[in-house]
Amino acid sequence: ITDEMGAHMMGIELIGKPVKAQFEEIFMRFWTLFEKRPEILVSKSQFDHLPPEVLQGHYQAARKKILPIIEFFEASVAANEIIDLPENILFSLAFAPLIEVARLKLIGIQSNVSDEQLSKIRDACWASLRSDAVSDTNS
């Protein structure tokens, strides 16, 4: 799974694009992967039930495979474009809703996802990452 996700993300050209455009590209790459290979979503839930010590090793291996996404998070945090949180939390904020919608589509609960709905999901995920969307608790 991680090899295929990594291969799908390689070749993604993010350099020189605004941060939001980079996010949109990554988001849509995930969506097209789930559309082409929905069985990945089934494998993910099986993967999540492995013992913690096995998951930790897989997590580190997977992290290397999705390096463009990790680099996107690191650069975006450094530029103060997205909130400063650990990458695993950023990943969840950015992509967990998309993964859930794709999973629901796979099992037949969500019959179709229109372009308009997908745009709204993408925009909501982006809004959850924005550094300016987080209120300053020191004010």
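Ten salt bridges are counted in this predicted model, that is, the count comes to 10, where a salt bridge is a side-chain nitrogen of Lys or Arg within 4 Å of a carboxyl oxygen of Asp or Glu. Side chains of opposite charge can pair when their charged atoms come close. Because the model is predicted, local features need pLDDT of at least 70 and side-chain atom pairs count only at pLDDT 80 or more, while totals for chains, interfaces and linings use all residues. Residues are numbered from 1 along each chain as its sequence is written, and side-chain values use heavy atoms, with hydrogens and water left out.

One of the salt bridges joins Lys17 to Glu25, with the closest N and O atoms 2.7 Å apart. Burial is expressed here as relative accessible area: under 20% is buried, over 50% is exposed, and values in between are partly exposed (1.4 Å probe, protein chains only). On this scale Lys17 is partly exposed at 31%, and Glu25 is likewise partly exposed at 23%.

A further salt bridge is formed by Glu24 and Arg122, whose closest N and O atoms are 3.7 Å apart. This pair links distant parts of the chain, since Glu24 belongs to helix α2 and Arg122 to helix α7, 98 residues apart. Glu24 is partly exposed, with a relative accessibility of 23%, whereas Arg122 is buried, with a relative accessible area of 16%. Apart from residues up to four places away in sequence, Arg122 touches Phe23, Glu24 and Phe27, a contact being defined by heavy atoms within 4.5 Å. Glu24 and Arg122 also take part in a network of salt bridges that includes Lys20 and Asp123.

Arg103 is partly exposed, with a relative accessible area of 31%, and Glu100 is partly exposed at 33%.

The protein chain contains seven helices and zero strands, helices being DSSP runs of H or I with at least four residues and strands runs of E with at least two, numbered from the N terminus. Along the sequence the elements follow the pattern α-α-α-α-α-α-α. Of the 139 residues of the chain, 33% count as buried. Among contacts with a separation of 6 or more, 65% are between residues 24 or more positions apart. The chain exposes about 8,300 Å², of which carbon and sulfur atoms supply 55%; accessible areas come from the Shrake-Rupley method with a 1.4 Å probe, and for residues only the protein chains shown count as cover.

Helix α2 has 18 residues and reaches 26 Å from its first C-alpha to its last, close to the expected 26 Å at 1.5 Å a residue; the expected span is 1.5 Å times one less than the number of residues. Its buried residues are Val19, Gln22, Phe23, Ile26, Phe27, Phe30, Trp31, Leu33 and Phe34.

Helix α6 (residues 87-106) comprises 20 residues and reaches 27 Å between its first and last C-alpha, close to the 28 Å expected. A bend of about 50 degrees occurs in α6 at Phe95, and a proline, Pro97, follows within four residues; the bend is the angle between axes fitted to the seven residues ending at a residue and the seven starting there. Buried positions in α6 are Glu87, Leu90, Phe91, Ala94, Phe95, Leu98, Ile99, Val101 and Ala102. Just after α6, Gly108 adopts a positive phi of about 90 degrees.

Helix α7 (residues 115-129) has 15 residues and reaches 21 Å from first to last C-alpha, close to the expected 21 Å. Leu118, Ile121, Arg122, Cys125, Trp126 and Leu129 are buried in α7. These residues cover an arc of only 135 degrees around the axis and so lie on the same side of α7, the arc being that of the directions from the helix axis to the C-beta atoms. The buried residues of α7 pack against α2 (19-36) and α6. The face turned away from this buried side carries the exposed residues Glu116 and Lys120.
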